[in-house]
Amino acid sequence: MTKIKKLIVNADDFGLHTLINQGIIKGYREGFITSASIMPSANAYEEAVALAKDNPKLGIGIHLTLVGGVKSVLPKNKVSSLLDAEGRFLPDYVAFAKRFYTGGVKAGELEAELRAQIEKVLASGLNITHIDSHQHTHVLPGINGLVRKLCNEYNIKRERIPKESYTFSGGFKAGLGRKLGRAGLSFCADLAAISANRAGIKHPDYFFGMLAGGHLTAELVGNIIRQLPEGVSEIMTHPGLETEPLAKIFDWTYTWETELASYLCEDNKKLLKEQGVELVNFGNL
């Protein structure tokens, strides 16, 4: 019996900025975004909560945040080992990993902050479909076990496993640095998948959008759709209404507006139908 191709299109960074929030909702209402991951301590979090409640069929995950220069949920003096000199999270996963693996992060502070983030989102009343994280820190060895413990405690039964195939490109021309970064992350995600399976945590079978993260186009998304395997796949995306103002705030060189257009694209909508792809979110796993 042929398995159905199912697709989750998950927009990250819900709550980071109003232009990102509005882009995600536009991509959900007018396109084929099915899910979003909310950042508990980001500046536009409350707006994201309100938008999620106005669009209750949009899947909502908790985007655990330990990097990216945003503030913590707990007071600075309670989680100082997680923060920089200005009292914000370290800029990226490389800086965090360096501090974490050299013993600079206090285990109690790490658990307290992640717990506070989960509890903040759960207290909002949103129906949470899954858990993931900003820059995928939740799959790092040493972090993943803690996340698994918290998922069990808070009855969160679905998780992103960002294990894009080591050889997949989808037509995106990536440099060596991106390829090596993807390989390292996919290796960590493979380990996290083993742990998730043992714990009965559900996750998609396949993951796309890592190598081209922040740079997806309508053509690249179409290439992914054409190559979707049977089973459940996730495409990670970073849509936003306008790239120019966002680029002045975040130095990630993302093309937010172009990513949004990928899911509004009529050709890609037709392609989904032609390929027999069923759109779902993590709650359908």
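Leaving aside its neighbours within four places in sequence, which residues is His138 in contact with? They are Asp132, Ser133, Ile143, Asn144, Val147, Glu159, Arg160 and Pro162, where contact means heavy atoms within 4.5 Å. Keep in mind that this is a predicted model, where local features need pLDDT of at least 70, side-chain atom pairs count only at pLDDT 80 or more, and totals for chains, interfaces and linings use all residues. Residues are numbered from 1 along each chain as its sequence is written, and side-chain values use heavy atoms, with hydrogens and water left out.

- You'll find His138 in the loop between strand E4 (128–133) and helix H5 (144–153). Helices (H or I, at least four residues) and strands (E, at least two) are DSSP runs, numbered from the N terminus.
- With a relative accessible area of 1%, His138 is buried. Buried means under 20% relative accessible area, exposed means over 50%, and partly exposed is in between (1.4 Å probe, protein chains only).
- The His138 side chain makes a polar contact with the side chain of Ser133, at 2.6 Å. A polar contact is a pair of N or O atoms within 3.5 Å; within protein, one must be able to donate a hydrogen and the other to accept it, and residues adjacent in sequence count only if both atoms are side-chain atoms.
- A polar atom of the His138 side chain also lies 2.8 Å from the backbone oxygen of Arg160.

**Helix H1 against helix H2**

- H1 (residues 18–30) and H2 (residues 45–54) pack with their axes 10 Å apart, at an angle of about 15 degrees. Axes are lines fitted to C-alpha atoms, for helices over the stretch in contact, and angles run from 0 to 180 degrees between N-to-C directions.
- That angle makes H1 roughly parallel to H2. The cut-offs: under 35 degrees is roughly parallel, over 145 roughly antiparallel, 65 to 115 roughly perpendicular, and the rest oblique.
- H1 and H2 cross in a right-handed way. A crossing is right-handed if the near helix is turned clockwise from the far one by less than a right angle, and left-handed if anticlockwise.
- On the H1 side the contact is made by Thr18, Asn21, Gln22, Ile25 and Arg29, and on the H2 side by Glu47, Ala48, Leu51 and Asp54.
- Sorted by class, the contact of H1 with H2 has 3 nonpolar, 3 polar and 3 charged residues. Here Ala, Val, Leu, Ile, Met, Phe, Trp, Tyr, Cys and Pro count as nonpolar, Asp, Glu, Lys and Arg as charged, and the others, Gly among them, as polar.

**Helix H4 against helix H5**

- The axes of H4 (residues 107–123) and H5 come within 11 Å and cross at roughly 40 degrees, which means that H4 is oblique to H5.
- This contact is made by Leu110, Glu111, Leu114, Arg115 and Ile118 of H4, and by Leu146, Val147, Lys149, Leu150 and Glu153 of H5.
- By class, the contact of H4 with H5 has 6 nonpolar, no polar and 4 charged residues.
- The crossing of H4 and H5 is right-handed.

**Gln117 in helix H4**

- Gln117 sits in helix H4 and counts as buried, at 0% relative accessibility.
- Setting aside neighbours within four places in sequence, Gln117 is in contact with Pro40, His63, Leu64, Thr65, Val73 and Phe89.

**Positive phi angles**

- Most residues other than glycine have a negative phi.
- Asp13 isn't a glycine, yet has a positive phi of about 70 degrees. Asp13 is in strand E1 (residues 5–14) and is buried at 1% relative accessibility.
- Gln135 isn't a glycine either, and has a positive phi of about 60 degrees. Gln135 is in the loop between E4 and H5, and at 24% relative accessibility counts as partly exposed.

**Two buried loop residues**

- Thr34 is in the loop between H1 and strand E2 (35–38), and is buried with a relative accessible area of 9%.
- Not counting residues up to four places away in sequence, Thr34 touches Leu7, Ile8, Val9, Lys57, Leu58, Gly59, Leu279, Val280 and Asn281.
- Tyr254 is in the loop between helix H8 (243–249) and helix H9 (256–264), and is buried with a relative accessible area of 19%.
- With residues up to four places away in sequence again left out, Tyr254 touches Gly213, Gly214, His238 and Thr243.
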